[in-house]
Amino acid sequence: MKRIFAILAAATAALSIVSCNKEQPAAKPAADIKVNVKVAAPDGDADTKAVKTAWEDGDRIYVYFNGDITFNAPQLTLTYNGADWEASFGSTFDESKLGASGSFAVFYDKFVDITEFDSNSSLSALYKSRMIYRNGLELYENYLSYTFSDNVISLDINNWTYLTSVQVVVEGIDSDKAGNYALMSNYLYHQTPALKSGQISYGTGSVDQFMLGYPNADGAAFYFGQPFGSVTDKYKFTLLDITTGETYEWMTEDKKSLRTNRNKLTAIKIDASKFLGELPEGYKNLSAEGTANSYIAKPSSKVYFDASVKGNSAEALAGVAGVNLVWQSEKSLVTSLEYIPGRKIITAELGSASGNALIAAYNAEGEVVWSWHLWVTDYEPEKSLFTTEANAAGTVWKFMDRNLGALSKTPEGFDSHGLLYQWGRKDPFAAAVSYTNQNPDTYEYIDGKDGEPVYYDIDNNEVKSFRLKAAKNGSVELAVKNPDVFYLNLKIDTGELDEYELPIYDQGDWGKPTNDDAWGGVSMAKTINDPCPVGYKVPVNDASGNTPYAWLKFASMTWDTVNYGATQDGQWFPATGTRVYEGGGLDFPDPALGGNPYSGLWIGTKGSASEHSHYGQYMFIINGKRTFKVNKDSRSQGLSLRCVAE
């Protein structure tokens with residue numbers, strides 16, 4: 001969502017991408033020429049808590065001597081290094097054209113690198129014809145004087161003049177998302193179009209009638225030229241979400257007059273709630289520290305979270321029409337849900353119970369477009385993280401002290417078991433709440449021992465069990481649309497034969513396309529599919545290939561013969577069983593029938609396999625010498641998961 005449209009991003013934060021691979025002409029040597037420069041802060045750019053100086057490291061000012069303004073070839077570039085301005089001469093600089101004194105122009109744009117423009121590009125043409133000017137934003141002056149004596153150029157940049165005269169700040173928009181919005185008004189015009197008409201269309205008109213937003217300490221800032229015509233009516237402002245095309249309008253209560261001064265911005269402030277609605281009062285923002293596919297919330301609380309992006313990514317979530325509860329593990333765990341379109345947030349009120357729930361956003365056709373796990377518990381992970389010793393590569397992991405979705409860390413009962421996951425998927429499935437008995441050939445339950453818990457909808461009606469909803473032929477797209485469907489092991493005939501002339505099947509995964517980095521095992525980064533809460537991720541092998549579970553040793557663990565699980569270093573690892581990839585049912589063997597309860601903790605690193613067999617690594621937990629051994633299993637298997645701090 002933050003930068004998904006290349007052309008639009010080019011008009012805001014990265015115009016230079018159209019030619020960043022172009023080689024620039026070599027600059028004429030100017031080693032003997034020194035530059036003395038004084039740069040005044042622009043009027044109105046006072047220090048804030050977030051910004052302690054009007055200039056930031058990396059800011060550039062482009063200098064053009066004696067009226068020679070070409071915009072894509074500055075004669076001199078001044079770059080701020082955090083303390084001083086560093087000067088570098090461009091290819092168009094010509095010492096012979098400098099007199100003892102003369103005039104110069106400067107141009108500043110926070111987001112534009114003029115030196116990297118492609119002179120043949122349409123964007124460069126727009127820029128050089130003064131159609132963009134950072135979409136009309138501040139700071140251009142061509143009435144400054146320089147002196148040149150003894151090979152020293154002296155510049156005093158002290159009289160900034162604004163390209164625009166009106167600044168509208170929409171307060172309450174996340175400044176990091178300012179570029180996702182554009183603004184227009186019936187009585188304010190922009191100096192020039194933001195983009196050429198027709199370059200981008202959202203079904204609500206082309207973007208050329210809007211001004212794009214820029215980060216501001218109070219929200220998103222929009223800059224306009226002077227108003228035109230006589231003001232005979234109220235001002236109407238229209239805010240456009242450029243990621244979805246949705247528009248939000250607000251009209252002033254009274255007629256307004258607006259007089260402007262070219263040397264000073266006239267500031268207008270509008271609360272974002274005028275467009276987007278009020279933020280819910282008394283609700284905790286679960287996304288305050290970032291977005292994720294899973295959030296921890298306390299019982300009896302009121303919460304909301306960001307539904308504008310997918311998971312912890314920057315990819316926009318568009319087309320949301322509403323929200324529903326897919327399932328909850330306890331009655332009245334979630335008592336109400338609401339989607340606030342303008343704010344792109346989902347609110348929830350929670351009952352007094354602890355448990356787990358799955359919340360889904362859906363589109364106008366009723367299809368799920370994304371879903372989130374709500375882990376309702378008093379657990380605060382940061383207070384009880386277990387830190388491993390550094391391995392030979394110096395890697396340290398900080399583990400949660402319980403499985404994802406667990407309501408306790410104590411061995412007694414099933415509250416410590418948590419939820420089960422298919423490798424690479426973000427959405428959880430229920431684990432067993434009692435021992436099971438399966439027919440090993442048909443995967444049907446025997447004697448009613450299914451171990452399946454009862455889950456509920458928002459009205460506390462029972463929902464169909466995961467076993468009965470399991471399906472074949474999964475895909476990444478289907479997994480998003482059906483977050484409560486356990487997709488069975490794929491077995492696709494490749495059309496190839498092995499050395500025995502037997503069919504070769506593509507198998508092991510739950511869906512296509514197969515992605516070895518679905519949980520960050522390749523990139524080492526938290527992915528869009530990661531099921532862990534904000535600040536945590538699926539554990540993966542380090543860059544040297546070391547497993548995050550190397551600290552667990554069979555010789556150091558104690559097996560609990562009553563509650564079935566292993567303890568080491570004060571950490572409890574319950575045997576939770578699995579959800580079987582062939583049938584979707586639970587396998588949690590009953591010790592009374594000779595069974596040996598077991599489980600596995602997924603690792604986000606792929607398991608070694610042939611080209612057509614897809615596995616994920618896991619830490620094995622079972623009563624025997626295989627306890628705490630890293631193994632591999634089909635990605636379609638449902639296993640437990642324990643998150644680590646990012």
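Valine 168 stands opposite isoleucine 268 in β15, part of a parallel pairing between β8 and strand β15 (residues 266–271) that runs over 6 bridges. Strands here are DSSP runs of E with at least two residues, numbered from the N terminus, and two of them pair if DSSP finds at least two bridges between them. All of this comes from a predicted model, where local features need pLDDT of at least 70, side-chain atom pairs count only at pLDDT 80 or more, and totals for chains, interfaces and linings use all residues. Residues are numbered from 1 along each chain as its sequence is written, and side-chain values use heavy atoms, with hydrogens and water left out.

**Around β8**

- Strand β8 (residues 166–171) is mostly covered, with 5 of its 6 residues buried; buried means under 20% relative accessible area, exposed over 50%, and partly exposed in between (1.4 Å probe, protein chains only).
- β8 also pairs with strand β12 (residues 219–224), this time antiparallel, through 6 bridges.
- In that pairing, glutamine 167 has tyrosine 223 of β12 as its bridge partner.

**β5 and its neighbour**

- Strand β5 (residues 101–108) has 6 of its 8 residues buried, so β5 is largely enclosed by the rest of the structure.
- Strand β2 (residues 60–65) runs antiparallel to β5, and 5 bridges join the two.

**The mixed sheet with β18**

- Four strands make an open sheet in the order β16-β18-β21-β20, with mixed pairing.
- β16 (284–285) and β20 (334–340) sit at the edges with a single partner strand each, so one side of each is left without a neighbour in the sheet.
- β18 and strand β21 (residues 345–350) are antiparallel and share 5 bridges.
- Tyrosine 304 has threonine 347 in β21 as its bridge partner.

**Pocket and cavity**

- The second largest pocket comes out at about 590 Å³.
- Of the 27 residues lining that pocket, Asp174, Lys177, Asn285, Asp306 and Ser308 are the closest to its centre.
- A quick word on terms: on a 1 Å grid over the protein atoms alone, a pocket is an open set of points with protein on both sides within 12 Å along at least five of seven lines, a cavity is a set where a 1.4 Å probe fits but cannot get out, and lining residues have an atom within 4 Å of a point.
- Grid points are joined across faces, edges and corners, and a volume is the space filled by probe spheres set on the points.
- Strand β18 (residues 302–306) gives the largest share of the pocket lining, 3 residues.
- The lining of the second largest pocket splits into 11 nonpolar, 9 polar and 7 charged residues; Ala, Val, Leu, Ile, Met, Phe, Trp, Tyr, Cys and Pro count as nonpolar, Asp, Glu, Lys and Arg as charged, and the others, Gly among them, as polar.
- Searching the whole structure turns up 2 cavities of 30 Å³ or more, and the second largest cavity has a volume of about 30 Å³.
- Lining the second largest cavity are Thr244, Glu246, Leu317, Ala318, Gly319, Val320, Tyr339 and Lys344, a set that divides into 4 nonpolar, 2 polar and 2 charged.

**The β37-β38-β39 sheet**

- Three strands form an open antiparallel sheet in the order β37-β38-β39.
- Its edge strands are β37 (598–607) and β39 (629–634), each pairing on one side only.
- From one strand to the next the twist averages 40°, taken between lines fitted to C-alpha atoms, with angles running from 0 to 180 degrees between N-to-C directions.
- Strand β38 (residues 615–622) pairs with β39 in the antiparallel sense over 6 bridges, and phenylalanine 620 stands opposite lysine 629 there.
- Lysine 629 is partly exposed, with a relative accessible area of 46%.
- Lysine 629 and tyrosine 549 are 80 residues apart along the chain, and their C-alpha atoms are separated by 8.7 Å.

**Two buried residues**

- Serine 636 is in the loop between β39 and β40 (638–639) and is buried, with a relative accessible area of 0%.
- Its side chain makes a polar contact with the side chain of asparagine 489 at 3.4 Å (a pair of N or O atoms within 3.5 Å; within protein, one must be able to donate a hydrogen and the other to accept it, and residues adjacent in sequence count only if both atoms are side-chain atoms).
- Leucine 212 is in strand β10 (residues 211–212) and is buried too, at a relative accessible area of 1%.
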